[in-house]
Every structure is written in structure tokens, then in C-alpha cells.
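The exercises below go with one structure.

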Amino acid sequence: MGVMLILDLFHVKKRIWEVAHSLYGQDSDLAKQWAKVQCEQVEAGKADKVMEVLKALLPRGKETKELVEALHTYLGNNLDRMDYPTYRAQGLRVGSGAIESANYHVTGSRVKLQGMRWSPPGSAGMAVLRADMFNDRWERRTKDILAAA
């Protein structure tokens with residue numbers, strides 16, 4: 001099958017909201033309405049429509065213009081990773097929250113303890129051991145390590 005890359009929907013929406021706030025004011029009703037429509041378009045697999053909207057904008061201010069252009073580029077560079085209706089129909093996740101949480105609980109909570117210092121190979125080895133522990137493969141890994149010694 002190969003690798004399927006999915007752009008995290010939460011991150012896309014966050015960038016849309018940043019643009020909305022810059023365009024129409026922090027937490028204004030217009031910003032909320034605009035962002036809601038653009039987020040719905042992205043979720044519906046129509047990020048190209050959002051790009052058209054962005055192109056038609058006439059943002060005032062350098063920062064706002066840069067945010068609009070950056071979002072347009074971001075969407076354009078990732079269009080092939082944003083077919084959210086298809087991903088959902090296949091039962092795939094469209095957000096990385098569960099993975100980020102697992103990363104913290106499996107590895108981060110161990111290697112980031114106070115006073116811990118890790119080399120890259122040491123932290124990578126600890127990550128493998130922690131993953132084995134959480135996936136009930138600890139005994140097998142231990143036997144393999146002892147057999148190799």
C-alpha cells in the first residue's frame with residue numbers, strides 16, 4: 001500500500017483562525033463566521049475553494065497580508081494531503097492529537113523527568129523499550145536482549 005500522508009486537520013484550522021482574526025479582529029463575529037465557512041470547506045475536501053477565497057482578499061497591513069499568503073501557500077503545498085472525506089470514509093484519523101498524546105505518555109514522560117540527560121541513541125533505545133512495555137512485548141524484548149549478550 002505504501003505511505004499515506006494526511007495533513008493534521010487541527011493545524012489547518014488553527015491557521016485559518018489566525019488569518020480570520022488578523023483580517024476581521026480577534027474573536028469578532030465576522031472572524032468567527034469567515035473561519036467557520038473556510039474550515040467547513042477544508043473538511044469537505046475543498047481546500048482549493050479556500051485558496052480561491054484567499055486570492056480574492058485584499059488584506060490591509062503587512063502582517064495580515066503575509067498570513068494570508070502563507071495560508072494560501074500552505075494549502076497549495078498540501079492539497080494532496082487534505083482529502084478528509086475519503087480519509088474518514090476509510091476510518092483513518094485526520095488529527096495527530098492521539099499520536100502526540102501517545103508520544104508523551106510512552107516516551108516523553110520517561111525521558112523528560114527532572115535531571116534526566118539522554119544521548120540520541122540512549123533516548124531512542126528507551127523509546128523502543130517503553131513502546132514494548134505499553135504493547136505487552138516487554139518479556140520478548142528482554143529475552144532477545146539477554147540472548148544477544
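**Exercise 1.** How do the axes of helix H1 (residues 9–24) and helix H2 (residues 29–43) cross, and within what distance do they come?

Solution. Before starting, note that this is a predicted model, in which local features need pLDDT of at least 70 and side-chain atom pairs count only at pLDDT 80 or more, while totals for chains, interfaces and linings use all residues. Residues are numbered from 1 along each chain as its sequence is written, and side-chain values use heavy atoms, with hydrogens and water left out.

Step 1. Helices are DSSP runs of H or I with at least four residues, numbered from the N terminus. Axes are lines fitted to C-alpha atoms, for helices over the stretch in contact, and angles run from 0 to 180 degrees between N-to-C directions.

Step 2. The two axes cross at roughly 150° and come within 9 Å. H1 and H2 are therefore roughly antiparallel (an angle over 145 degrees).

Step 3. Contact means heavy atoms within 4.5 Å. Residues of H1 that meet H2 include Ile16, Trp17 and Val19, and those on the H2 side include Trp34, Ala35 and Gln38. The residues of this contact divide into 14 nonpolar, two polar and three charged. Here Ala, Val, Leu, Ile, Met, Phe, Trp, Tyr, Cys and Pro count as nonpolar, Asp, Glu, Lys and Arg as charged, and the others, Gly among them, as polar.

**Exercise 2.** Describe how H1 packs with H4 (62–78).

Solution. Step 1. The axes of H1 and H4 are 9 Å apart, at an angle of about 155°. That makes H1 roughly antiparallel to H4.

Step 1. The crossing of H1 and H4 is left-handed. Among the residues in this contact are His11, Arg15 and Val19 of H1 and Leu67, Val68 and Leu71 of H4. By class, there are ten nonpolar, three polar and two charged residues.

**Exercise 3.** Is Val19 buried or exposed?

Solution. Step 1. Buried means under 20% relative accessible area, exposed over 50%, and partly exposed in between (1.4 Å probe, protein chains only). Val19, in helix H1, has a relative accessible area of 1%, so Val19 is buried.

Step 1. Leaving aside neighbours within four places in sequence, Val19 is in contact with Trp34, Leu54, Leu67, Val68 and Leu71.

**Exercise 4.** Which residues of helix H3 (residues 47–56) are buried?

Solution. Step 1. The buried residues are Ala47, Val50, Met51 and Leu54. They cover an arc of only 105° around the axis, so they lie on the same side of H3; the arc is that of the directions from the helix axis to the C-beta atoms.

Step 1. H1, H2 and H4 are included in what covers these buried residues. On the other side of H3, Lys55 and Ala56 are exposed.

**Exercise 5.** Where does Asp27 lie, and what is its phi?

Solution. Step 1. Asp27 is in the loop between H1 and H2. Its phi is positive, about 60°, although Asp27 is not a glycine.

Step 1. Most residues other than glycine have a negative phi.

Step 2. With a relative accessible area of 47%, Asp27 is partly exposed.

Note on methods. Helix = DSSP H or I, 4+ residues; strand = E, 2+ residues; numbered from the N terminus. Parallel < 35°, antiparallel > 145°, perpendicular 65-115°, else oblique. Left-handed = near helix turned anticlockwise from the far one by under 90°.
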